[in-house]
Amino acid sequence: MTAVVTLHEVTKRYGDVVALDEVSLMFPRGRFVAVMGPSGSGKSTLLHCAAALDPPTSGVVLIGDVDVSRMSETRRTELRRKHIGFVFQSYNLLPTISIQDNITLPLRLAGLRPDAGWLAELVDRVGLRERLHHRPGELSGGQQQRAAIVRALAARPDVVFADEPTGALDLRSAAQVLTLLRELVDDLGQTVVMVTHDPNSAARAHDTLVMADGKVVDVLNAPAPEDLAVRLTRLGREPVS
Ligand SMILES: Nc1ncnc2c1ncn2[C@@H]1O[C@H](COP(=O)(O)OP(=O)(O)OP(=O)(O)O)[C@@H](O)[C@H]1O
């Protein structure tokens, strides 16, 4: 399997806190990987280092075969705009511009031309064709998150990182968003890495990494939600379901 992102002995410290402790792993192309673990176990830190948002204290992070560990902030920003998509719990759409403009904004910031055919395919897939000229506040939470997913995919990134993408959604909208993320992987060959607290969400991924104390303590292939819940409870936390 080709690695989209590789971490080699990555450590991230915040003062005395070791948020990531010599983590080595790879995210394979075309897989949907969930990251779970108790609060404070290092999930967000892993995501931030793997997505070139934050540099590691030590170790190497490769995006494709490019070493981003010691890149300047400016070069990391350029690389992220072209190669990495982000989906956040709170959507992070700009409220004063249309959905259409939100979707194409990162492309324009990266100096890339929108691929009209690709964008139309994505917009149709998420069912937002009639909503493109509305502002985010005129859409439901689920629709806003689907717009954020189109925005994340607009530049055909190598990998999409999603941080609790269903955390603010009702059950039905959350299920739609998870189905969409899975289809993007299965149908379009995208690579998705998703941090979640919810074993049922993680069960939609191909693989689940379980973190504890800054380390990856398990890599589970298509685990049942009940097994994940038991594993997490053993790590000292009652999972939210
Ligand atoms: N910017 C920061 N400054 C100081 N400490 C930090 C910072 N970011 C994270 N930490 C610490 O690093 C550790 C890992 O945090 P991280 O946010 O990665 O955990 P998490 O598993 O994502 O937690 P949660 O599920 O609560 O979001 C925690 O002890 C946290 O307090």
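Modeller: Sorted by class, the shell around the ligand holds three nonpolar, seven polar and one charged residues, where Ala, Val, Leu, Ile, Met, Phe, Trp, Tyr, Cys and Pro count as nonpolar, Asp, Glu, Lys and Arg as charged, and the others, Gly among them, as polar. This is a predicted model, in which local features need pLDDT of at least 70 and side-chain atom pairs count only at pLDDT 80 or more, while totals for chains, interfaces and linings use all residues. Residues are numbered from 1 along each chain as its sequence is written.

The residues around the ligand are Tyr14, Val17, Ala19, Gly37, Ser39, Gly40, Ser41, Gly42, Lys43, Ser44 and Thr45, a residue being near a molecule if its C-beta atom, placed from the backbone, lies within 6 Å of it.

Strand β2 belongs to an open sheet of four strands with the order β2-β1-β4-β5 and antiparallel pairing, where two strands pair if DSSP finds at least two bridges between them. The edge strands, each pairing on one side only, are β2 (17–28) and β5 (66–67). Within the sheet, β1 (residues 3–14) and β4 (residues 58–63) are joined in the antiparallel sense by five bridges, and histidine 8 stands opposite valine 60 in β4.

Helix α1 (residues 43–50) packs on this sheet, touching β1, β2 and β4, and its direction makes about 125° with that of β1. Contact here requires two C-beta atoms, placed from the backbone, within 7 Å, and the axes are lines fitted to C-alpha atoms, for helices over the stretch in contact, with angles from 0 to 180 degrees between N-to-C directions.

There is also an open sheet of six strands, in the order β6-β7-β8-β3-β9-β10, with mixed pairing. Its edge strands are β6 (84–88) and β10 (215–221), each of which pairs on one side only. Helix α1 lies across β3 (32–36), β7 (159–163), β8 (192–195) and β9, running at about 150° to β8. Methionine 194, leaving aside its neighbours within four places in sequence, is in contact with Ala34, Val35, Ala162, Pro165, Leu181 and Ala205. Finally, strand β9 (residues 207–212) runs antiparallel to β10, joined to β10 by six bridges, and leucine 209 has valine 219 of β10 as its bridge partner.

Technical notes
Helix = DSSP H or I, 4+ residues; strand = E, 2+ residues; numbered from the N terminus.
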